[in-house]
Amino acid sequence: MPTTMGRRERKKAQTRRALSDAALRLFCEHGYDGVTVAQIADEADVSIATLFAHVPDGKEALIFDDGTERRVWLATAVRDRPPGQSVLEALHQCMAARGPFTNDLPPELRRKRDLIVSTPALREYSRKLWIASEGALAEAIAAESDRAPSDMTVRALARYVLEIPELAGTEPDPLAALNAIFDLLESGWRESPKEA
């Protein structure tokens, strides 16, 4: 049975959304470095203390969620993949439909993606959120491969996959870079391209 959000939770969500919208709007208009936390708080009509109560990580965290949604869709891609599809194929397909790897985004999300890709502080914060998904992804991979989440190969695979957005996301053709990395993960390293 779905639970409904109480008044306090709705108010917190509204404030968080107002802060995120204000930050995105100001960052797009003036550049990330041209905007202060005070300006964002003023634009969202909240105090600086309220801003930090909702987003303690500071300015770079304002346009991101807390990473929970990312952990869920990564683990779901592994657990709910079609029969016969490998874990790597499922993760490849899942990532190809998101962020810098797709152009099939609504304008607001495309604007946000472009801002993140072009702003080093936002890319670094995004990378931090990706890496925070390592435990959840390792657990999902381990469950699907009959290994322990602490198995070094499981942990390494989870970490490698989670580094892909930072590594490939700023390439001239991010999707081609994503595909090349997953090809490497799926087939292993060859000493020379001539061996292929």
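Leu 74 is buried, with a relative accessible area of 1%; buried means under 20% relative accessible area, exposed over 50%, and partly exposed in between, computed with a 1.4 Å probe on protein chains only. This is a predicted model, in which local features need pLDDT of at least 70 and side-chain atom pairs count only at pLDDT 80 or more, while totals for chains, interfaces and linings use all residues. Residues are numbered from 1 along each chain as its sequence is written, and side-chain values use heavy atoms, with hydrogens and water left out.

Leu 74 belongs to helix H4 (residues 68-79); helices (H or I, at least four residues) and strands (E, at least two) are DSSP runs, numbered from the N terminus. Not counting residues up to four places away in sequence, Leu 74 touches Leu 91, Trp 130, Ser 133, Leu 137 and Leu 162, where contact means heavy atoms within 4.5 Å. The C-alpha atom of Leu 74 is separated by 20 Å from that of Ala 180, 106 residues apart along the chain.

## Overall composition

The chain comprises 10 helices and zero strands. Its C-alpha trace spans about 60 × 45 × 30 Å along the principal axes. Of the 196 residues, 36% count as buried. Among contacts between residues at least 6 apart in sequence, 61% join residues at least 24 apart.

## Packing of H1 and H2

Two packed helices are described by the angle between their axes and the distance between the axes. Helix H1 (residues 7-30) packs on helix H2 (residues 37-44) at an angle of about 120 degrees, the axes being 8 Å apart. That makes H1 oblique to H2. Axes are lines fitted to C-alpha atoms, for helices over the stretch in contact, and angles run from 0 to 180 degrees between N-to-C directions. Angles under 35 degrees count as roughly parallel, over 145 as roughly antiparallel, 65 to 115 as roughly perpendicular and the rest as oblique.

H1 passes H2 in a right-handed crossing; a crossing is right-handed if the near helix is turned clockwise from the far one by less than a right angle, and left-handed if anticlockwise. On H1 the contact is made by Ala 18, Leu 19, Ala 22, Ala 23, Arg 25, Leu 26 and Phe 27, and on H2 by Gln 39, Ile 40, Glu 43 and Ala 44. By class, this contact has eight nonpolar, one polar and two charged residues. Ala, Val, Leu, Ile, Met, Phe, Trp, Tyr, Cys and Pro count as nonpolar, Asp, Glu, Lys and Arg as charged, and the others, Gly among them, as polar.

## Packing of H8 and H9

The axes of H8 and H9 lie 9 Å apart, at an angle of about 130 degrees. The two helices are therefore oblique to each other, and H8 passes H9 in a right-handed crossing. H8 contributes Glu 134, Leu 137, Ala 138, Ile 141, Ala 142 and Ser 145, while H9 contributes Val 154, Arg 155, Leu 157, Ala 158, Arg 159, Val 161 and Leu 162. These residues divide into nine nonpolar, one polar and three charged.

## Loop residues with positive phi

Asp 45, in the loop between H2 and helix H3 (48-54), has a positive phi of about 60 degrees although it is not a glycine. Asp 45 counts as exposed at 71% relative accessibility.

Asp 146 occupies the loop between helix H8 (134-145) and helix H9 (152-168). Its phi is positive, near 55 degrees, in a residue other than glycine. Asp 146 is exposed, with a relative accessible area of 75%.

## Cysteines

Cys 28 is partly exposed at 32% relative accessibility, whereas Cys 94 is buried at 10%. The disulfide count is zero, a disulfide being a pair of cysteine sulfur atoms within 2.5 Å.
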